[in-house]
Amino acid sequence: MSKQFDLVVIGAGPGGYVAAIRAAQLGLSVACVDAAENAKGGPAPGGTCTNVGCIPSKALLQSSEHFEQANHHFAEHGIEVKGVSLKLDKLIGRKNEVVKQNNEGILYLFKKNKVTFFHGHAAFAGQVEGGWSINVTGKTEENLVARHVIVATGSAPRELPGVPFDEKIVLSNDGALSLDAVPGKLGVIGAGVIGLEMGSVWRRLGSAVTVLEAAPEFLAAADQQVAKEALKAFTKQGLDIQVGVQISEIKPSAKKVDISYKNAAGEEQKLTVDRLIVSIGRVPFTAGLNAPAVGLTLDERGFVAVDAECRTNLPNVWAVGDVVRGPMLAHKAEEEGVAVAERIAGQHGHVNFATIPWVIYTSPEIAWVGQTEQQLKKEGRAYKAGSFPFLANGRARALGDTTGFVKVLADAKTDEVLGVHIVGPVASELIAEAVTIMEFRGAAEDIARICHAHPTLSEAMKEAALAVDKRALNF
Ligand code: FAD
Ligand code: NAI
């Protein structure tokens, strides 16, 4: 007997589980199907983000930062610690516990919101009376009929051709989050978000890390002033980041990986590492959905093709998150999930792509929203820029963390904020103010006139906004 629902969501990552909850809040009968399993074979909802992405990486970044502080920075505060040592199994165990708490949290939220969860693999079986027939197989065997379907099947790490992940020597994000020993030498291919975050974790824990990046510019998507400041800080910390390289050959063996590459000057180089992280981007994941059989259109890069409102080519079939175009970010997936749930319920869901923040959780953190200075120049848009260094911020001095700055870019005529770029302490939290201002299409003067608590890092945002009008008070 089929089970009938208003909505079946395939995938319980940030896109899927949030869509399911929002739709249930709006009175729809909702099921969510997710195949992921924990170490004991039980359900592990939360997707890449919870299991092998945002959450575990931030847990390891936090633990490794504590280790770094204890080893290198406590002394600056007059705190002498002797014999600092690392229990990697405990550190990884704590990370696993954080993941487990998040998995359980989502199962609790499903119960609370009356979302029916099926642990298994979902595939389209065809169109039937009443909607779409979805087969669930694996841990649960069911047939579901759904009036609407949301595909939220996420993404998977991209492999280098001929260098498959074995998660022991050649690692994706998955293996990089669960090493059982600190590699002496760690190689990273790709100086993107994962490369920098995971490279930072293992460097802090003791690895000599070399990051090889193909693009000629470091962090090309970021504001280049921010990228320069960050590169300086990472290099000082000991990350060896080489841009403009061309990988010639990668030869993994039982205990090491031999890499041959040309550096930016075109010289042949050789590097041998104990472990290699390959973080060269991610690809949409649609395997096993039975998409071709039902005629679900994918674009030329394998993403589920959708319109601006996440409608696919099939009636009442929607797709959100990493499996569709746009940035592969958890909060973008969530926003799309909510918007689609609201559209299905007859409301007017909306996602503002212009105000999606980007954050890289290294030290210093990097965060931005809106346009970069190089984008504005390319567009020929007249703009004003105001910057404020954390060096001149009292709270940053008290923290002992004065690297970086806040930069506000505003329209030359209207003063509307066009972009905000931060490199420095807790940039991930500071960026929220900029997102709010931009969402309300506020001006630099609006930020400058808002009272910011003293002493806080957020005063650097106010000062950068004042600097747009050349009237910073503390610099
Ligand atoms: P996913 O989270 O990938 O979830 C898809 C789910 O669908 C999975 O659980 C999968 O098992 C399930 N599934 C797939 N096919 C089927 C099927 N046929 N049947 C049943 N279930 C199926 N983003 C941020 O915003 N901030 C961060 O700090 C951040 N850190 C990251 C760190 C790392 C190391 C990585 C890899 C990613 C990080 N991301 C971060 C990106 C973020 O994880 C993704 O953007 C986000 O998870 C996408 O959500 P989603 O719901 O689209 O897909
Ligand atoms: P990425 O797109 O951030 O970076 C990939 C890097 O690899 C790029 O700089 C690219 O130029 C480089 N590259 C590609 N091919 C190469 C090659 N053959 N040789 C050398 N370099 C090569 O991708 P990444 O780091 O894999 O992360 C995937 C996605 O996951 C990100 O785009 C992001 O959306 C998400 N993510 C988000 C995080 C956050 O929000 N803090 C953290 C981690 C991941």
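Okay, one term before we start: a residue is called exposed when its relative accessible area is over 50%, buried when that value is under 20%, and partly exposed in between. Keep that in mind, and remember too that what we have here is a predicted model.

You'll find Lys-470 in the segment after helix H14.

Asn-290 is not a glycine either, and its phi is positive at about 65°. Asn-290 sits in the loop that runs from strand S16 (282–284) to helix H8 (291–294). So is Asn-290 buried, exposed or partly exposed? Its relative accessible area is 36%, so Asn-290 is partly exposed.

Now let's step back to the whole chain. There are 14 helices and 22 strands. A compact globule of 475 residues would have a radius of gyration near 23 Å, and the chain comes out at 24 Å, so the two agree. If you put a box around the C-alpha atoms along the principal axes, you get roughly 70 × 60 × 45 Å. Of the 475 residues, 52% count as buried.

What about contacts? Take those with a separation of 6 or more: residues 24 or more positions apart account for 61% of them. And for charge, we have 48 positive and 53 negative ones, and their mean positions are 2 Å apart.

Next, the annotations. An unreviewed UniProt entry places a domain called "FAD/NAD(P)-binding" at residues 5–337. That span is 32% helix and 26% strand, and its end C-alpha atoms lie 17 Å apart. UniProt also has, again from an unreviewed entry, "Pyridine nucleotide-disulphide oxidoreductase dimerisation" as a domain covering residues 356–465. Here the span is 35% helix and 28% strand, with end C-alpha atoms 20 Å apart.

Ser-363 and Pro-364 are joined by a cis peptide bond, with omega about 0°. Pro-364 is in the loop between strands S18 (358–360) and S19 (365–370). The bond from His-454 to Pro-455 is cis as well, with omega near -5°. That proline, Pro-455, is in the loop between helices H13 (444–449) and H14 (459–468).

Back towards the start of the chain, now. Gly-13 is in the loop between strand S1 (3–10) and helix H1 (14–25). With a relative accessible area of 10%, Gly-13 is buried. Which residues is Gly-13 in contact with, leaving aside its neighbours within four places in sequence? They are Val-18, Asp-34, Gly-46 and Gly-47. Lys-251, by contrast, is 238 residues from Gly-13 along the chain, and their C-alpha atoms are separated by 34 Å.

Last stop, helix H3, residues 54–73. Its buried residues include Pro-56, Ala-59, Leu-60, Ser-63, Ser-64, Phe-67 and Glu-68. Why might a helix show that kind of spacing? An α-helix has 3.6 residues a turn, so residues three or four places apart point the same way. And what covers the buried residues of H3? The cover includes helix H2 (47–52), helix H4 (88–112) and helix H6 (193–204).

Note on methods:
Residues numbered from 1 in each chain as written. Chains lettered and ligands numbered in written order. Predicted model: local features only at pLDDT ≥ 70, side-chain atom pairs only at ≥ 80, totals over all residues. Heavy atoms only, no water. Helix = DSSP H or I, 4+ residues; strand = E, 2+ residues; numbered from the N terminus. Rg over C-alpha atoms; globule rule 2.2 N^0.38 Å. Buried < 20%, exposed > 50% of the residue type's maximum accessible area, 1.4 Å probe, protein only. Contact = heavy atoms within 4.5 Å. Lys, Arg positive; Asp, Glu negative; His and termini not counted. Charge placed at Lys NZ, Arg CZ, Asp CG, Glu CD. UniProt positions renumbered as here; feature names shortened; annotations may be inferred.
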